[in-house]
Amino acid sequence: MGPHPGRRGDIMGEIADMMLEGLLDEETGEYIGDQNIKRYGFSSPGFPVSYEREWRKSSAPEFVCDICKKPLKSRRGLLQHQRDKHNKRWR
Ligand SMILES: [Zn+2]
């Protein structure tokens, strides 16, 4: 706690409000008004937005088990899954 907990609380509350309105990225707290204008026509669309999360989702590679078609989050997870579920051996 800092010397001005009340004041700090107000600032945190404002940031939370701006995140809820979509003016700041919900995950990073970064100002995303310019990106919002391009997409929604407003700097704050009125609901939480996170370009960071979207970027992560769209760039996350999907690993699908070629044996049972189960999607895995990582190559490591895929190898582990195939070893555990299909008794596949890896060097
Ligand atoms: Zn599988």
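Tutor: This is a predicted model, and the protein chain has a mean pLDDT of 88, with 86% of its residues at 70 or more. Confidence is lowest in helix α1 (residues 5–20), where the mean is 82, and highest in helix α2 (residues 33–40), where the mean is 97. The protein chain contains four helices and two strands, arranged along the sequence as α-α-α-β-β-α.

Burial is the next point. Of the 91 residues in the protein chain, 9% count as buried. The largest nonpolar core consists of five residues: Met19, Leu23, Leu24, Ile32 and Val49. In soluble globular proteins, nonpolar side chains tend to be buried together.

With residues up to four places away in sequence left out, Leu23 touches Met18, Gly33, Ser43 and Ser44. Ser43 is also in contact with Ile37, a residue of helix α2. The other contact of Ile37, leaving aside neighbours within four places in sequence, is Phe42. Ile37 counts as partly exposed because 13 other C-beta atoms lie within 10 Å, whereas a buried residue needs 20 or more.

As for the chain as a whole, contacts between residues at least 6 apart in sequence include 23% that join residues at least 24 apart.

Notes. Residues are numbered from 1 along each chain as its sequence is written. This is a predicted model: local features need pLDDT of at least 70, side-chain atom pairs count only at pLDDT 80 or more; totals for chains, interfaces and linings use all residues. pLDDT is the predictor's confidence in each residue, from 0 to 100. A residue is buried if 20 or more other C-beta atoms lie within 10 Å of its own, exposed if 12 or fewer, and partly exposed in between; C-beta atoms are placed from the backbone. Two residues are in contact if their C-beta atoms, placed from the backbone, lie within 7 Å. A nonpolar core is a set of buried Ala, Val, Leu, Ile, Met, Phe, Trp, Tyr and Cys residues joined through C-beta atoms within 7 Å.
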